[in-house]
Amino acid sequence: MRIGYGWDSHEFKRGVPLRIGGVALRHKQGLAGHSDGDVLLHALTDALLGAIAAGDIGTHFPPSDPQWKGADSVTFVNEAMRLVREAGYAVANVDSTLILAEPKIGPHAATIQARVAELLAVNASAVGVKAKTPEGMGTEKAAIAHVAVLLVEKPGRKLLAHHAAEDVPQPEIDKVVEQVVKTVPAPAKSKSGGKSRLDF
Ligand code: MG
């Protein structure tokens, strides 16, 4: 199994629709960003990519690329999930915390939970959606999201080469290490009493 963590923040801006967790919320302002500014889906994408050590949202969807302007962030999650499946994993569960002054997330939490669960192909009970207000943090003009994700190996999986190391039993690793140690030549003795140059 593998753990992933993602974090994101976006500033509120008038005249922009608000989307959080793939759900459109009615509010006087939305989150500014190159894409649709969905802070929760961005943190989720980073958590998924991080869990398989596959870079971050910026490396896969550079903000400099015009094709992601105004993009639906569901695209980012879908691509991260494709990579997760390709690496031989499925999502076990995900937990998230939103930090924003308004709107209140409570009334929308179940809808966000169901939408995120759908994107990750898990039951709603495997998705935690929590929200806090930024007491004393001075971040009232922004929305912040933290996401942790746990991946489990798919049954009968075939891991990609760069994820396969964890599957090698420890005695095998010990054998390889032993071989390497044996083949490394002993340090050449210098004229000054057998000390190598690195021994000062
Ligand atoms: Mg973002």
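Two strands are taken to pair if DSSP finds at least two bridges between them. This briefing on a predicted model applies that criterion to strand β1 (residues 2-14), in which R14 has Q29 of β4 as its bridge partner. It then turns to the magnesium ion, whose protein donors are D8, H10 and H42, and to T45 in helix α1.

**Strand pairing of β1**
- Strand β4 (residues 29-31) is joined to β1 by three bridges, and the two run antiparallel.
- Within this pairing, the partner of R14 is Q29 in β4.
- Strand β7 (residues 142-153) also pairs with β1 in the antiparallel sense, over ten bridges.
- Opposite S9 stands I144, a residue of β7.

**Magnesium site**
- Because H10 belongs to strand β1 and H42 to helix α1 (residues 39-51), the pair ties together parts that are 32 residues apart in sequence.
- H10 and H42 are both buried.

**T45 in helix α1**
- Helix α1 also contains T45.
- The relative accessible area of T45 is 0%, so this residue counts as buried, the cut-off being under 20%.
- Leaving aside residues up to four places away in sequence, T45 touches I57, F76, V77 and A80.

Methods:
Residues numbered from 1 in each chain as written. Predicted model: local features only at pLDDT ≥ 70, side-chain atom pairs only at ≥ 80, totals over all residues. Heavy atoms only, no water. Donors = N, O, S within 2.8 Å, 3.2 Å for Na, K, Ca; no water. Helix = DSSP H or I, 4+ residues; strand = E, 2+ residues; numbered from the N terminus. Buried < 20%, exposed > 50% of the residue type's maximum accessible area, 1.4 Å probe, protein only. Contact = heavy atoms within 4.5 Å.
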